[in-house]
Amino acid sequence: MSEPGAVAQDVHTEDAVQAVVRADGTGEIVIEGIVQRVATGSMAEAGAAVTGLIAELAGRAGRPLPAEVEDPDGRWSLVIHPDGTVEEAPPGGADDAAAPDTVAGGAHTGGRTTRTTRSTRRPEAAEPEAGPLPTLDDLLATRSQSPTGPAEHGWQVAVRRATLGLVSVGPGRNEHRHRDNVRAVQRSLDGPKTIVVMNPKGGAHKTTATLLLASTFGIHRGGYTLAWDNNETRGTLGWRSEHARHTNTAVNLLQNLSRFTDLQVARVGDLDNYVRSQGSAQFDVLASDEDAASAASVDAEAFGELHGTLERFYRVMVVDTGNNMRASNWQAAIDVADQLVVVSTVREDTAQSAAWALDALRATGHDDLIRRAVTVLSAPAPRVDRRLRRRLHEHFGALTRSVIDVPYDRGLVSGGPIGYDALSRRTREAWLQVTAEVADGC
């Protein structure tokens, strides 16, 4: 039975060193039946201590040591070398770390790479191959994915810093997911895209969703993103965003739209007098009419004129709809939508409103748009009704492409401008996942 004690001075076994790193800052390694525990102040420090101990053992053994390290993100198969460097173990095991790279003409036998003398030159007498010959595009398609680089979060990054880069562990499962979502958001689009956020009930988090989608697109795509309040009269998107030196809205832009119809003289910078820049979030806001004495409204024709002009200047437009599905500008937004985002809180009333709206859209021939839609369920409080959430997942999961939960965040409760950086990491990651799913459908 394993007992705590000093780690063996010499390592004779070929078995992997077993190690655990815990979120409370504790950890342990087990080798040849001997356990050595560490107790530190954080998971990062525990990971650095555990990895350092294994690196010391590898140095005394004079050879790389395989190690299996378990942390809250998952289980890691590593090879730790005598010089202190760390790498992920190859699929065939630690022995493959020293095997030569596969070359043209190489063959795999039992997980090991062996070289052959087979030439890659095409024999002169060979019969022509069937089908088209490969092109440059085919060659580019076979390239390996870019290296992920070292971890930027968790105990892995503490190990890299503590060893001045000599020990560098790859990213964990959560970080891999984050990077995958960022790549999805940054994917190339085949033209400008319009994303419509809808639920005809007030308080369903339409405006919150619009701002967070636009923020995430803007931050990770680098601008050319617009959050557009498409209420027929007055919405609250302008109030929930950062203010500008002007108070112009969609109505003012509509009145001066002729300035932007001639592409030879129109400039994107001239839009700054009508949209509101959101600073480091790298997106703009087009507010709806905010003049209490105004009788102006935006109808379907006005929406079409605005949309046709704005899509020349923005790659992504996230449209916040109003509460009146019968309004002509509401219907016009649905007609140009590349992606529909259905939002609801985990409440009976907002969910029923969303379900009713989808029934109405199906009845008017928008089945395909609904099947490609993304449903976002926001937690209205720190604790939610799990049974209700399951029911909503079942219902909207049968109608739309995906259903994603986003957590409650105190930073969204006040109803004021949304500070993206002030939101919890969990909230930002949830909205990154939503935005990645939306981008996949564009």
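Visitor: Which residues of α1 are buried?
Guide: This is a predicted model, where local features need pLDDT of at least 70, side-chain atom pairs count only at pLDDT 80 or more, and totals for chains, interfaces and linings use all residues. Residues are numbered from 1 along each chain as its sequence is written, and side-chain values use heavy atoms, leaving out hydrogens and water. Buried is under 20% relative accessible area, exposed is over 50%, and partly exposed is in between (1.4 Å probe, protein chains only). Helices here are DSSP runs of H or I with at least four residues, strands are E runs of at least two, and both are numbered from the N terminus; for α1 the buried set is A46, G47, V50, T51, L53, I54, A55, L57 and A58.

Visitor: How far apart are the end C-alpha atoms of α1?
Guide: The expected span is 1.5 Å times one less than the number of residues. Helix α1 has 19 residues (43–61), so it should span 27 Å, and the end C-alpha atoms agree at 27 Å.

Visitor: How many residues of strand β10 are buried?
Guide: Side chains in a regular strand alternate between the two faces of the sheet. In β10, K193, I195 and V197 point one way and T194, V196 and M198 the other, all of them buried. Strand β10 is largely enclosed by the rest of the structure, because the buried count is 6 of the 6.

Visitor: Which residue in β15 is the bridge partner of V197?
Guide: Strands pair if DSSP finds at least two bridges between them. β10 and β15 (residues 339–345) run parallel over 4 bridges. Within β15, V197 partners with V341.
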